[in-house]
Amino acid sequence: MRLPSYRLTIRARLTLVYGGLFFLAGLALLVVTYFLVDQSLLQKFTFHAPLPDLGQAPGVAGLAEQGGGARVRVLINNNPDLVYYMDKQAESLRHATMVALLQQGAIALLVVGAVSIALGWLIAGRLLSPLHRITDTARRISTAPAADRGLHERIALRGPNDEIQELADTFDAMLARLDQAFDGQRRFVANASHELRTPLTLNRSLVELAMHRKTASDDVKRLGETLLDINGRHERLIEGLLLLARSENEVVERRPMDLADVVDHVGLQSAGAAAEADVAVAVEAAPAETTGDPVLLERVAQNLIGNAIRHNAAGGWVRAATSTRGGRVELEVSNTGPVVAAYEVEGLFEPFRRGSERTRSDQGVGLGLSIVRAITRAHGGTVTARPREGGGLVVTVSLPR
C-alpha cells in the first residue's frame, strides 16, 4: 500500500527556513550567554581563605571610613566552617541564577520564535504573491477550451525591477509570440481553404469535361479516371489538413447532444462501404449525453468507423458502442483486421503515420486518427487505442458528460 505524499508549498518551506534559522541563532545566543554569565558569576562568588588581617578580631564585623563614606565589610579570618558555608551559598545562588537564565531564556526564545514564524509566513506570502498571479494567468490559458484562447492575456506585473518582474516580463513576451504564431496559423487556414481548393476544383472540371467529350478515346477516359482518383486523393488530403488545423482551435458551437444519435447516424451512412468491404457493422448506442460541436463529433465517429471498415479483412466486423461512466461519456470502436504491434499504436495518431499494414494509397492519407485526437482534445476529452487480441484495434474516445 502506497502512502499518500504531501507537498509543502514554497511559502511553507520559506517559513520553515526562516523559523529554523531564527531558532538556531537564538539557541546559539542562549548557549553563549549561559557560558559567559556562568564564568562571570564563578569569578565573583569565589572565596579565598584565610582572608588578610585588616586589624580587627577574627569573625568580628566592623566599619571602616574611606573617602567620607561608610562601607560594611564582613571579615572572615581562619574560620573554615564559615568559609565553607559561604561557598555553598554562593554555589547555590549561581546555580539558581543559571537555571533561571535557561528557563526564562527558553521561554523568551519560544515566544519570539513563534512571532518570527508568523511574520515569516506573512512576508513570504507577500513576496510570493506575484508568482501566484503568474500561475493563475498560466492556468487560465492552459485550461482554455482552445489552444489559442487566452493568449491575448498578459500578466503586466508592476513592482520593483527584480527577478520576479523579469520572469513576468519574459512570460508576457512568450505569450505575445505565441499569440502572433496562432494568428498566422489562422490566416494560413483561411487562405489555404480558398487557394488550395480552387485549383483542384478547376482540375476536376477540366478532366470531367475532357472525359465526356464525344471524341474522347478509351485511353483518354482511362487517363481521366486516374487523374480524378489522384485529384480526389488531394482533395481529401487538403480537407483533412484544414479540418485538423480547425480542430485544434476553438470549438465555436457547443450545444447539448447525445453521442448515441451521432453513432447511429454514422452507422447507417457506413452501411454501403461496409457492404463493399464485406464487413459487418454493429452499433450499440446507449445514451451518452454531452456538449460540443455536432459536426466535429460526427466527424470523429465517421473517422473511427471508416478506419475500422477500411483497415479490416473480408468477413470481419466493426463494433461501435457508446456508454456513460461517472462524469464521462465514451465511444468505443473495435474491429477485426491485421495485427497491430503495441509500439505502433501511438504513432497512428501522428499525421501521415500508418502501421506497416496500412500503406496502400486507397486506404486514406493518414490523418483520420490525428483529426480524431485534435477534435477530442478541443472538446476537453481524451482518446486512447490498444491492439485487439487476434488483430485490429480498440479505440476509445472519452468526453466530459
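Is Phe23 buried, exposed or partly exposed, judged by its relative accessibility? At 26% relative accessibility, Phe23 counts as partly exposed, where buried means under 20% relative accessible area, exposed over 50%, and partly exposed in between, with a 1.4 Å probe and protein chains only.

Before I go on, a word on the basis: this is a predicted model, in which local features need pLDDT of at least 70 and side-chain atom pairs count only at pLDDT 80 or more, while totals for chains, interfaces and linings use all residues. Residues are numbered from 1 along each chain as its sequence is written, and side-chain values use heavy atoms, with hydrogens and water left out.

Let me turn to the aromatic rings. The structure holds 2 aromatic pairs, a pair being rings of Phe, Tyr and Trp (its six-membered ring) with centres within 6.5 Å, called stacked if the planes are under 30 degrees apart, edge-to-face if over 60, and tilted for the rest. Phe22 and Phe23 form an edge-to-face pair, at 6.2 Å centre to centre and 75° between the planes, and Phe22 is partly exposed, with a relative accessible area of 29%. In Tyr34 and Phe35 the ring centres are 5.6 Å apart and the planes stand at 85°, so this pair is edge-to-face; Tyr34 is partly exposed, at 26%.

Asn303 is buried, with a relative accessible area of 10%. Leaving aside neighbours within four places in sequence, Asn303 is in contact (heavy atoms within 4.5 Å) with Gly368, Ile371 and Val372.
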